Amino acid sequence: MTEADAGFVVFDRVQKSYDGETLVVKDLNLSIGKGEFLTMLGPSGSGKTTCLMMLAGFESATHGEILLDGHPINNIPPHKRGIGMVFQNYALFPHMTVAENLAFPLEVRKIGKSEREAKVKRALEMVQMGAFGGRRPAQLSGGQQQRIALARALVFEPELVLMDEPLGALDKQLREHMQFEITRLAHSLGITTVYVTHDQTEALTMSDRVAVFDDGRIQQLAPPDLLYEAPENSFVAQFIGENNTLEGTVENITDGVAVVRLDDGELIDAKPVNVSKPGERTLVSIRPERVEIDKSRLSPGVHTVHAEVLEFIYMGDIYRTRLRVAGNEDFVIKTRNAPDQRRLRPGEHIEIGWLPEDCRALDA
Amino acid sequence: MSKDGPVLAADGRPLKHSLRRALRAEKMRALALIAPLLIFILITFIAPIGSMLFRSVENEIVPDTLPRATKALQGWDQSAGIPPDEDIFAAMAYDLVIAAERKLHTRLGTRLNYEYTGISSIFRKTGRRVDDFGEAYQDALTGLNPAWKSPGTWVSLMTAPDERARPGAAAELLPETSDLYQSFARLVRDEGDDLSEERPWAPVYAALVRDLRQTDQAVLESYSGPQAALLSEAKAALPDFPVTTFREEFLTADEGWADPQVWATIQAFSGDYTSGYFLNSVDLRKTPDGVAPQPEDERIYIMLFKRTLIMSMIIMGSCVLLGYPIAYLLSNLPLRTSNLLLILVLLPFWTSLLVRTSSWKVLLQQQGVINDVLVWSGLISDAGRLVMINNQTGTIIAMTHILLPFMILPLYSVMKTIPPTYVRAAKSLGATNWTAFWRVYFPQSVPGIGAGCILVFILAIGYYITPELVGGTKGVFISNRIAYHISSSLNWGLAAALGSILLAAVLILYWVYDRLVGIDNVSLG
């Protein structure tokens, strides 16, 4: 994303309320660059779909402005916005064939027959469905319908495509395949994509940037790796990926390392993110795969914590072990299945530790 | 297992056979579950309808009541334009006297009156006097020998001595007398009376005279059975008897018997089955000269069928026009509101049909609410009150109102299943509101329109009460005519024929609809 492209789609202090009492979207500010693949991720009811519908024009913003390519679009009806959209249940017109479905957006744009046919053919080939033009949607599998829906949203060459949980109805394998396919298409065509999902894996694997929604606000807007490794608050930390949390109070902060006293009295090291002074309550967050059970691999002087092994699960590529740490019985660690790796046994007592920068002290 | 032999189950039987056995119990259970309804429908619905439809061609009353006359008329040539000869009059007399005693002649007269007006009264008048036909011969015979007065004489002459139900030895000698006497004897027995105490009817005496005239002297002399002497005596006295004919007796009873058309009608309808009712249903009639159109002023059925079809289509069309927007609104409102409105749609069902129809009378009549309001508001003058009832307008208004729920409900249930995302998708693809509706929403609601139309049309085509009450003479349907024939004119055969045609019309329209729209495209939700 270059600076010149920034702001192809802009949400400027947008608010939305359905009943006049509660805000579903509270003060949304978001700028999406041209050609960017942005995912709106969040639990249901977080306002992400409402934002998408406001962008598509099916909902109107209660306050604030939405700009597309620099022009406000609040008062432009959906059919004049020229935004491609893929719906959750595909919304392929059941009474038309696949080719007629694809020709529909071209027909309403009064594009000539021969050009229409050429474009439909090209769009079908783009999603590897060239042979299916004469079929009805009901005769296609879920994955095939998904491809057709995608082709239909792209056939009139929109600059912006919206996708509302498009892979929700597919099985896991197909979903993974389609994730790849959609990103490949979006990038090769250079179109701007706004993608809504509640599946964090989907968000992480597909997006340039992810906006995590909760409670009508964007909790964090960041590229996937930053989102995972550097969550800015405890909601994002817990929503993205698997996460262990421990509660405690900040003892002191020196040289960018906070010492936190857990509620059972033990001391740990953490990176202060949302804490600034001793005495503050904090929720420390650490990823299961960043926990070290081999003391010799930790730098000397770091604090370690006592843990009791409760459960050991063999998962093929990794071992997943559940521990009791400072009263928390859901503390999970993941270790790689390597020849030299220890298999912990339930009932074993061990010491665990981590690098201070992997453990983030967030808001309580 | 051989390569191409049947697949075998584990016990070596063919797999198909085992499967059938396994499924049989299930099929029997399913059959047992539907059996009560099936039997109920068969007994109370299918069978009565079948028998009713059968009446449209059934004509057994004529040959059953007039067996001798219909047989005798077979050889009669009606084209000569003269009434038949004495033999046929005799056969008619024998049939009529039996029919009159059994009180069947008026029913027969009514039946034949459908085909030729006036026959009913001819039969009624003749039936009153037919048992006196041949009284002159009765008097002559009893005057000749009082033994003819005695029922015993007849019993010994006409029945076998050991078995009275069988014809006696004189049967061959006196065929007409024997035949008629057997019918007389059956009737007496049926009434529980003693044959030896009942004197035969006058026509039996006339038959005896006719038989004796036909019999050669030599044949009579060779007869040695009971009452041979009496017969010889009567034969000898024949030249002195008065000469009367059945023909004269018939004409005395009613002049109508001289009309060859009466006889031609009986001849034309002497079969067990007839196409007469169906011909009448399409304004044709069966004449002795073949099929001919009804007289101009009696042609009503084709017009009524046409009116029924056209008005049903108008009603169907108005129901679509009025019902579609309501169903659309209902299916797009929040569930709470739409349920409330749906109850309002169904509200008319809680009121009796008669009440609803009658309230339309109150509203539509010339001194009614609507006209009063229009006059009061100055839109029409008092002299120019609109005629909205007892004509086709009234029928269309009232029936559209009454049948509207049958259009709204299937439409609503189909529209309910159309997700709003389709229209959204169409709009996101660049379609205007109208294009999105017309190209995407409307085609998906067509199954609902189809279901509603079939429902409303079929209900309308057979509707009876509403046209009867608000239709006047110009707005009645064919069903009103059917009801008239069922309950007033009692011409069930014609009613059945009209009903069969109506049924056939519905089936044909259904077939056409299937070809045009496809019955798979009909959905009740």
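Among contacts in chain A between residues at least 6 apart in sequence, 64% join residues at least 24 apart; two residues are in contact if their C-beta atoms, placed from the backbone, lie within 7 Å. The model is predicted: local features need pLDDT of at least 70, side-chain atom pairs count only at pLDDT 80 or more, and totals for chains, interfaces and linings use all residues. Residues are numbered from 1 along each chain as its sequence is written, while chains are lettered from A and ligands numbered from 1 in the order in which they are written.

Chain A contains eight helices and 19 strands. Helices (H or I, at least four residues) and strands (E, at least two) are DSSP runs, numbered from the N terminus. The C-alpha trace of chain A spans about 75 × 50 × 40 Å along its principal axes. Of the 364 residues in chain A, 39% are buried. A residue is buried if 20 or more other C-beta atoms lie within 10 Å of its own, exposed if 12 or fewer, and partly exposed in between, with C-beta atoms placed from the backbone.

Chain A splits into domain 1 (3-234) and domain 2 (243-363), with bounds from an automatic or database domain assignment. Their centres, taken over C-alpha atoms, are 39 Å apart. Four residues of domain 1 of chain A contact eight residues of domain 2 of chain A. On the domain 1 side, one of these residues is nonpolar, two are polar and one is charged. Here Ala, Val, Leu, Ile, Met, Phe, Trp, Tyr, Cys and Pro count as nonpolar, Asp, Glu, Lys and Arg as charged, and the others, Gly among them, as polar. UniProt places "domain: ABC transporter" (unreviewed entry) at residues 9-240 of chain A. UniProt positions follow the numbering used here, feature names are shortened, and annotations may be inferred rather than shown by experiment. Residues 9-240 of chain A are 36% helix and 24% strand.

For chain B, the assignment gives domain 1 (1-54), domain 2 (61-130 + 247-274), domain 3 (135-243) and domain 4 (301-521). The C-alpha centres of domain 3 of chain B and domain 4 of chain B lie 71 Å apart. The UniProt annotation "transmembrane region" (unreviewed entry) covers several spans of chain B, including 309-331 and 490-513. Residues 309-331 of chain B are 100% helix, with end C-alpha atoms 31 Å apart. Residues 490-513 of chain B are 92% helix, and the end C-alpha atoms are 35 Å apart.

The contact between the chains takes 18 residues from chain A and 15 residues from chain B. On the side of chain A, strand E6 (83-86) and helix H2 (98-108) each supply at least two residues. H2(A) gives the largest share, three residues. This side of chain A comprises 13 nonpolar, three polar and two charged residues.

The largest nonpolar core has 152 residues, of which Ala151(A), Leu162(A), Leu403(B) and Val456(B) touch the most other members. A nonpolar core is a set of buried Ala, Val, Leu, Ile, Met, Phe, Trp, Tyr and Cys residues joined through C-beta atoms within 7 Å. Helix H20 (residues 392-416) of chain B contributes the most to this core, 15 residues. Another core, apart from it, has 60 residues, among them Leu112(B) and Phe123(B).

In helix H5 (residues 105-113) of chain B, the buried residues include Leu108(B) and Leu112(B). Viewed down the axis of H5(B), the buried residues fall within an arc of 160°, so they line one face of the helix. The arc is that of the directions from the helix axis to the C-beta atoms.
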